[in-house]
Amino acid sequence: MKREQWLIVYSISVGLAGGGVLLGWFTPLQIPLLHVVIFVATALLIEGVGFRVPPADPHTLTGVVVLGISLACGPSVGALVVGVATLISSMALPFIDNRPISWYSMVVRPLNRAGVRILAVYLGVWLAHVVPQPFGIMLQLLSYTGWIMLNRWMRIRLDHGAHAVSPWLRSVAVSVVIAEIIPLPVALLGAAVYRDLGGWYALLGAGALVATSAVVMQVSASLRTQRTITDDLTQMNATSRAIIRAELDVDALCELIYRSEEHTSELQSRVDISYAV
């Protein structure tokens, strides 16, 4: 089969596996349904103000919310919240980012993203039970992002080949650590607040997370714009110097045109990777 077909088969398989685990291990809700709706809305708000550093994935604090819900209310509630929120946000993403609307972007990719997050919630709970504490809870927090990153790695490898994995990993490593891993212990605080102080205080904490995510998104957008301008100026400066050095040498000018085209193709490849993930 072609790469695209393998990617679709893999993505649907992960989505179905996540849905099957949620249906098979789901337990009756022990909290009001209104709380679940508020949790989903909070996750959607935080997902909506996530930031992207091309060609990286969207970086959000949704993991903090999901893990906090799982610790406070059980994995069934956490998996249900992240599954519904991820499906809705993934289906809306093509309209928000002006991406091509296709069966993959509207059905396959949302299923994959929701499925892997559901699996990550339940696998984290399993790790927390089999590994002695406090290492178990640490693994539960870290494994959530770990499974998601593994899924992204697999999709990029299937869609673009092994050569695209290393550039992608180098571009996302720092952002993932700063935006998705370091804040995860806040989930412990959120779970304690919900259990001991009640839903209203937890709602205040969720509002603070949304506000923090919005600030981070604005800072990231400013830095990304500044970096783009700096890169363009650097490229223009290098091109002008190369033209001066060429001194109307046909071979040198051809080499310059070839390098510029290679640079443009690399940028387009990064955009394609960002759409794939």
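This is a predicted model: local features need pLDDT of at least 70, side-chain atom pairs count only at pLDDT 80 or more; totals for chains, interfaces and linings use all residues.

Trainee: Which element gives the largest share of the lining of the second largest pocket?

Mentor: The second largest pocket has a volume of about 520 Å³. Of its 25 lining residues, the closest to the centre are Phe39, Gly190, Ala202, Leu203 and Ala206. Two or more lining residues come from each of α2 (33-48), α3 (62-73), α8 (186-196) and α9 (199-246). The largest share, eight residues, belongs to α9.

Trainee: How many residues of that lining are nonpolar, polar and charged?

Mentor: In this classification, Gly counts as polar, whereas Ala, Leu and Phe are among the nonpolar residues. For the lining of the second largest pocket, the division is 19 nonpolar, six polar and no charged.

Trainee: What is the geometry of the pair formed by the rings of Trp25 and Tyr122?

Mentor: The whole structure holds two aromatic pairs. In the pair of Trp25 and Tyr122, the ring centres are 5.5 Å apart, and centres within 6.5 Å qualify as a pair. The planes meet at 85°, and because angles over 60 degrees count in that class, the pair is edge-to-face.

Trainee: Where in the chain do the two partners lie, and how many residues separate them?

Mentor: Trp25 belongs to helix α1 (residues 3-25), and Tyr122 to helix α5 (residues 103-130). The pair thus links distant parts of the chain, with a separation of 97 residues.

Conventions: Residues are numbered from 1 along each chain as its sequence is written. Side-chain values use heavy atoms; hydrogens and water are left out. On a 1 Å grid over the protein atoms alone, a cavity is a set of points where a 1.4 Å probe fits but cannot get out, and a pocket is an open set with protein on both sides within 12 Å along at least five of seven lines; lining residues have an atom within 4 Å of a point. Grid points are joined across faces, edges and corners, and a volume is the space filled by probe spheres set on the points. Helices (H or I, at least four residues) and strands (E, at least two) are DSSP runs, numbered from the N terminus. Rings of Phe, Tyr and Trp (its six-membered ring) pair if their centres lie within 6.5 Å; planes under 30 degrees apart count as stacked, over 60 as edge-to-face and the rest as tilted.
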